[in-house]
Amino acid sequence: MSEGAVNEKTEMPKDAAPSVIAQHAAMRNALPFLDTRDFEEAKRGFLGTIENAKVTSVQGRVVWSLEPYGFLSEAEAPATVNPSLWRQSRLNMNHGLFEVVPGVYQIRGLDIANMTLIEGDRGVIVVDTLTSIEGARAAMELYFQHRGKRPVAAVIFTHTHTDHWGGARGVLDEETLASGRVPIIAPNLFMEHAVSENIIAGPAMLRRAQYQFGPFLAKGVRGQVDCGLGKSMAAGSVALLRPTDLIMATGDRRVIDGVEFEFQMAPNSEAPAEMHFFIPRYKVLNLAENCTHNFHNLLPFRGADVRDALAWSKYLNEALRLWGGKAEAMCGQHHWPVWGGERIDTMIRQQRDLYKFAHDQTIRLMNHGLTATEIAETIRLPASLEGAWHGRGYYGHIRHNVKAIYQKYLGWYDANPVNLDPLPPVEAGKKYVEYMGGGEAILARARTDFDKGEFRFVAQALSHLVFAEPDNSQARALLADTFEQLGYAAESATWRNAYLFGAQELRQGMPKAPPRPPMPRETLAALRTEQLWDVLGIRLNGPKAEGKRIVLNWNFTDTGETFALTLENCALTYTEGVPAADADAGFTLARATLDEVIARQTSFPEAIAAGKVAVSGNPMRLAELVALMDEFPRMFEIVEPKRTAVS
């Protein structure tokens, strides 16, 4: 952002507008705030915690703490926070070790996700290992402190999202991993989807996630209060471990340390690879992240494949058929458990019908010719679901979930030719400003509509002005104020975070962030070589590669694999098992050495000098290929034009 883009004195967050306060009052009257059962269940079984849930790295850096959220001790919601979201934010403040039933425990509030610990005959089975290695270590120490030291008998990953597997090396040490004696159990296709969701599109997703989760927002009543599923994403070290045992089908069973698990597959629900399980010994049902205390996302703001609401509903229905009436406690990998057969079955039915209603009614309205935006404006949840606290849109929301369903079936195009090939934001913005009589005319009308509380259209109009004139400080300031009011009004935590972070970036510019670190060697080691080539392929700068052809043979001595890597037609492809006869160069090395190079723990010249790489042909062809690779920035503009051209 240029020096003239903001006022000399940085704009500070404002108070809530009268129209926002009126919306909050209406919500207080509409929802059953006198129902406090969730507060009782969120505290049930508490055994102990870490002060403020504070987790630090070996270097002393805080990677997680709930101390900044102390303002949530107030029962009454302030005017700048939606009262329903305030309620959820307070519930997500419970932290520590909790007993679900004797023998089954959860660590909650040390991360956005939960760790579930199931005691076997001799050891403990760890379900989901949180986001960070540091958080997982702290969770295990807290468990051992209250339940005694016992060996880890197995690790289970319920699904492919980082907050459920990133901390595995905080649960399993190097010696245990090397021994292979502790199974790592996950749903089929876990690695393929963990890579595609979190690594292939990772750079863009991580930047977009800043808007979804609000990590750069100040914590407070005018800032970040929650994420719906929990407080925020943890910082710290992350590494991906490859599963050693895949669950392939519903009905699969495993006996782990004397405890039987019955599994249900739930692919393409909340995650591309996900599974549920029931433990007959403890009569505990775990539906992973498919039956939580909010309406979940069908398409998170960070980006993902659109999730299948119809399949999601069917999996919950199947879970009822398999285990309805059998479970005495149900816990998930976010939020707090529920107890009692009737309460469990009711919650599953309502969650089932929430996703089915959203799916079917979106398709119904779609088949009447409504577009995604029109459907979002039209659809209303039935009263029986509207009043269920666990169906509220704190993370997903009916207004954006219906757009995801529309996208899944019909794609991005609404069939109106005007939207087939529109101008991009900067070019469109300049024409809108010209058509609307210039920036001053837009600002005058926007101020009038702002005072009326018409924030949605004010934001649309001012966004055109900001993209046309990114250094117009008045436009930036008023758009920031508008985003802020939309954030204050939002019941969805992710909507609030997106609006408030957009406001902050308009006022202050993008946060300063260090360059993106290299991919951890541990994560690289978990990738199949084919996946590694795919990761490199998306870094190839096509325009720079115009007219080039490079062929490289690879022979990996530790895995026994051979590959021919080919650049032509500005695309990087590979063939396994058949070396290219016309290769420009060949490299014989351990796959582990390649991992070290990509992780920047060494370089190719250093590895060659150390005798770790044998080379044939012209090794400079590899250097030529590497020079064609992009380095992705950690930050890029979202609410204003790109300041750096990308080609």
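Me: What does R108 lie over, and how far is it from the ring centre?
Reply: R108 sits over the face of F98, 4.0 Å from the ring centre. Keep in mind that this is a predicted model.

Me: And R44, which ring does that one lie over?
Reply: The ring of W339. R44 lies over its face, at 4.1 Å from the ring centre.

Me: Back to R108. Which residues are closest to the centre of the largest cavity?
Reply: R108 is one of them.

Me: What volume does the largest cavity have?
Reply: About 140 Å³.

Me: How many cavities of 30 Å³ or more are there?
Reply: Three.

Me: You mentioned H335. Where is it in the chain?
Reply: H335 is in the loop between β15 (329-331) and β16 (338-339).

Me: Is H335 buried or exposed?
Reply: Buried. Its relative accessible area is 4%, and the cut-off for buried is under 20%.

Me: Which loop holds L189, and what is its phi?
Reply: L189 is in the loop between β9 (184-187) and α6 (190-200). Phi of L189 is near 70°, again a positive value in a residue other than glycine.

Me: Switching to aromatics. How many aromatic pairs does the count come to?
Reply: It comes to 29 aromatic pairs. Take W312 and Y355: their ring centres are 4.3 Å apart and their planes are at 15°. That pair is stacked, because planes under 30 degrees apart count as stacked.

Me: Where do W312 and Y355 sit in the chain?
Reply: In distant parts of it. W312 is in helix α8 (residues 309-323), and Y355 is in helix α9 (residues 341-367). They are 43 residues apart.

Me: Are those two buried or exposed?
Reply: W312 is buried, at 0% relative accessibility. Y355 is buried too, with a relative accessible area of 0%.

Me: What kind of pair do F450 and F455 form?
Reply: An edge-to-face one. The rings are 5.1 Å centre to centre, with 70° between the planes. Both F450 and F455 are buried.

Me: Which residues do ring pairs link into a cluster?
Reply: W533, W554, F556, F563, Y574, F587 and F604.

Me: New topic, H24. Where is it found?
Reply: H24 is in helix α1 (residues 18-30). H24 is buried, with a relative accessible area of 2%.

Me: What does H24 touch?
Reply: Leaving out residues up to four places away in sequence, H24 touches A79, V81, N82, P83, Y488 and A489.

Me: Last thing. What is the mean pLDDT of the chain?
Reply: The mean is 95, and 98% of the residues reach 70 or more.

Me: Where is the pLDDT below 50?
Reply: Over residues 1-9. In the model, that stretch has 22 contacts beyond near neighbours in sequence.

How values were computed. Residues are numbered from 1 along each chain as its sequence is written. This is a predicted model: local features need pLDDT of at least 70, side-chain atom pairs count only at pLDDT 80 or more; totals for chains, interfaces and linings use all residues. Side-chain values use heavy atoms; hydrogens and water are left out. Rings of Phe, Tyr and Trp (its six-membered ring) pair if their centres lie within 6.5 Å; planes under 30 degrees apart count as stacked, over 60 as edge-to-face and the rest as tilted. Helices (H or I, at least four residues) and strands (E, at least two) are DSSP runs, numbered from the N terminus. Buried means under 20% relative accessible area, exposed over 50%, partly exposed in between (1.4 Å probe, protein chains only). A charge sits over a ring if NZ of Lys or CZ of Arg is within 6 Å of the ring centre and within 35 degrees of the ring normal. pLDDT is the predictor's confidence in each residue, from 0 to 100. Contact means heavy atoms within 4.5 Å. On a 1 Å grid over the protein atoms alone, a cavity is a set of points where a 1.4 Å probe fits but cannot get out, and a pocket is an open set with protein on both sides within 12 Å along at least five of seven lines; lining residues have an atom within 4 Å of a point. Grid points are joined across faces, edges and corners, and a volume is the space filled by probe spheres set on the points.
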